[in-house]
Amino acid sequence: MIKVNKRGRQTMFAAAALVSAAIVCRILGMLDFHSWFFGMIRSAIYIFLFSAWAVSLKKRIMQVQLRRYMVCIAFAMLFWFLLRTAKFHLIPDEGRMDLMRFAWYSYYIPILAIPTLSLLAAVSMGTNEEFKLPPAAHLLWIPDIVLTAAVLTNDFHQKAFSFPDDQAVFSDKHASHEAVYWMAVIWISICAAAAMIIIIRKCRIPNSRRLLWLPLIPFFMMVVYSFAYLSEEKITLIAAGDMTAVYCLLIALLFESCIQCGLIRSNTHYTDLFMASAIAVKITDSDLNICYSSENAGHTDRMTLERAKSGETMLEG
């Protein structure tokens, strides 16, 4: 497994600090302490995190198709959080229930898209930079589009969510799950399971029975969290009751683990590769301060570096 460099560790610590701050904001909001303000701060933290992740993916991932899918996953998460922010913090509670309900229905655009994108991304892992999925793979979008359209038009048929007859205004607080909802759950589960099976198969080290375990940790965390959330454990609901945030973070963590393990090739760790190179070479800045040096480069005094600025310089030996 590739070791995380100093910059990578700094990024992880910064991300962990921001997530911790978001959890604190959630707890303060649940205690009715400036709930709107801290709710907006929490949304801003997650929007910033996934925006930064999308930018970093675009810069790091080498395989064109995989990069496209992973950036789309990041943007789907961003869209989800923007919808949540609008629903809970920007749309007035009174008189705009139609907008709140449509925002709730719109959740299922990213909810259904992320598992499909994850499956396509998993298939694209470990391929060459110009790899393209066969056209038949795009048929996976048909159930996704059909189910999304069925949820968005739920007011006309109530096949995804139904509401009591005596309810004057439809609200998610009084909704019951119907056939389309359970079909969406099944489809999400199929895509997630298939993606995870493919990732596990690709985690196997060639010519060995060993597995790269790092990408499997977020998956098991998702399973454990799902059971804890469904059991309505008080600690889980207080500290991590925002299921959207938890699942999005764990999905991002899973793909980041694949990058760190080398399952997803990225243009990082060049410093480590340079240092391990068999070539004896150094790179300096304009003031001749050594920035990078391979292990075989040996010592070079400053006078030699000064002479090298004006032309070829022969080193001893």
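Hi everyone, let's start at F50, which touches A74, M77, L78, F81, C248, L249 and A252, leaving aside residues up to four places away in sequence. Contact here means heavy atoms within 4.5 Å.

A quick word on where this comes from. The model is predicted, so local features need pLDDT of at least 70 and side-chain atom pairs count only at pLDDT 80 or more, while totals for chains, interfaces and linings use all residues. Residues are numbered from 1 along each chain as its sequence is written, and side-chain values use heavy atoms, with hydrogens and water left out.

Now the overall picture. The protein chain has 13 helices and 4 strands; these are DSSP runs numbered from the N terminus, with helices (H or I) of at least four residues and strands (E) of at least two. Of its 317 residues, 38% count as buried. Buried means under 20% relative accessible area, exposed means over 50%, and partly exposed is in between, using a 1.4 Å probe and protein chains only. Among contacts in the chain with a separation of 6 or more, 60% come from residues 24 or more positions apart.

Back to F50, then. Which residues have the most contacts inside the largest nonpolar core? They are F50, W53, M70, Y108, F161, F255 and I264, in a core of 70 residues. Helix α3 (residues 64-90) gives the largest share of this core, with 12 residues. A nonpolar core is a set of buried Ala, Val, Leu, Ile, Met, Phe, Trp, Tyr and Cys residues joined through side-chain atoms within 4.5 Å. In soluble globular proteins, nonpolar side chains tend to be buried together.

Next, charges. How many salt bridges does a search of the whole structure find? The search finds 2, where a salt bridge is a side-chain nitrogen of Lys or Arg within 4 Å of a carboxyl oxygen of Asp or Glu. One joins R60 and E256, with the closest N and O atoms 2.5 Å apart. R60 lies in helix α2 and E256 in helix α11 (residues 243-261), so this pair ties together parts that are 196 residues apart in sequence. R60 counts as buried because its relative accessibility is 15%, and E256 is buried too, at 18%.

R101 and D155 also form a salt bridge, their closest N and O atoms being 2.9 Å apart. Is R101 buried or exposed? R101 counts as buried, because its relative accessibility is 12%. D155, at 32%, counts as partly exposed.

F38 sits in helix α2 (residues 35-60) and is buried at 15% relative accessibility. F38 touches C25, L28 and F33, again not counting residues up to four places away in sequence. The C-alpha atoms of F38 and C25 are separated by 5.1 Å, although the two are 13 residues apart along the chain.

S162 belongs to strand β1 (residues 161-162) and counts as buried, at 16% relative accessibility. Among the residues that S162 touches are H174 and E178. The side chains of S162 and E178 are joined by a polar contact of 2.5 Å. A polar contact is a pair of N or O atoms within 3.5 Å; within protein, one must be able to donate a hydrogen and the other to accept it, and residues adjacent in sequence count only if both atoms are side-chain atoms.
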